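Hi everyone, thanks for coming.

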Amino acid sequence: MTTAAAVAGIWDLSIATPIGKITAVIELRDQEGTLTGTARGAGEEVDLGGLALDDGRLTWKQAITRPMRLNLAFDVTVSGDTLAGPSRAGRLPASRVSGLRRTDRATETIAGTRS
């Protein structure tokens with residue numbers, strides 16, 4: 001079973017749309033077992049609505065105004081630090097979404113190397 005804590009983090013998304021590739025960043029937060037989030041891209045930040053997580057399947061909706069006013073619906077599958085699935089914008093064709101969770105990695109020092 002996938003929990004809110006298991007998907008929490010900052011995710012870099014790539015969305016292959018009919019008008020070209022769009023990048024966005026979503027931040028998912030686990031607030032006492034409830035999943036909340038925001039998305040940033042194209043100079044705007046919006047809240048994610050209707051966030052639901054069911055056994056690795058993550059869905060949400062968001063409204064954007066750039067590059068045009070659209071209501072988007074996402075339906076992705078999360079597997080570890082990756083996600084993939086479709087996004088729909090009304091009657092427009094579905095777009096492919098892929099994402100990678102950012103991870104904090106401590107700076108590694110290799111023995112015998114000088115800075």
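This is a predicted model: local features need pLDDT of at least 70, side-chain atom pairs count only at pLDDT 80 or more; totals for chains, interfaces and linings use all residues.

I'll talk about the core, and then about some salt bridges.

Residues are numbered from 1 along each chain as its sequence is written, and side-chain values use heavy atoms, with hydrogens and water left out.

Okay, the core. By nonpolar core I mean buried Ala, Val, Leu, Ile, Met, Phe, Trp, Tyr and Cys residues joined through side-chain atoms within 4.5 Å. Buried is under 20% relative accessible area, exposed is over 50%, and partly exposed is in between, using a 1.4 Å probe and protein chains only. The largest core has 22 residues, and Ile 26, Leu 28, Leu 58 and Trp 60 touch the most other members.

Now, salt bridges: a side-chain nitrogen of Lys or Arg within 4 Å of a carboxyl oxygen of Asp or Glu. How many turn up in a search of the whole structure? Four. In one of them, Asp 12 meets Arg 102, at 2.9 Å from N to O. Asp 12 is partly exposed at 32% relative accessible area, and Arg 102 is partly exposed too, at 44%.

Another joins Asp 75 and Arg 57, at 2.7 Å from N to O. Here Asp 75 is partly exposed, at 27%, and so is Arg 57, at 45%. Then there's Glu 27 with Arg 29, whose closest N and O atoms are 4.0 Å apart. That's me done, thanks!
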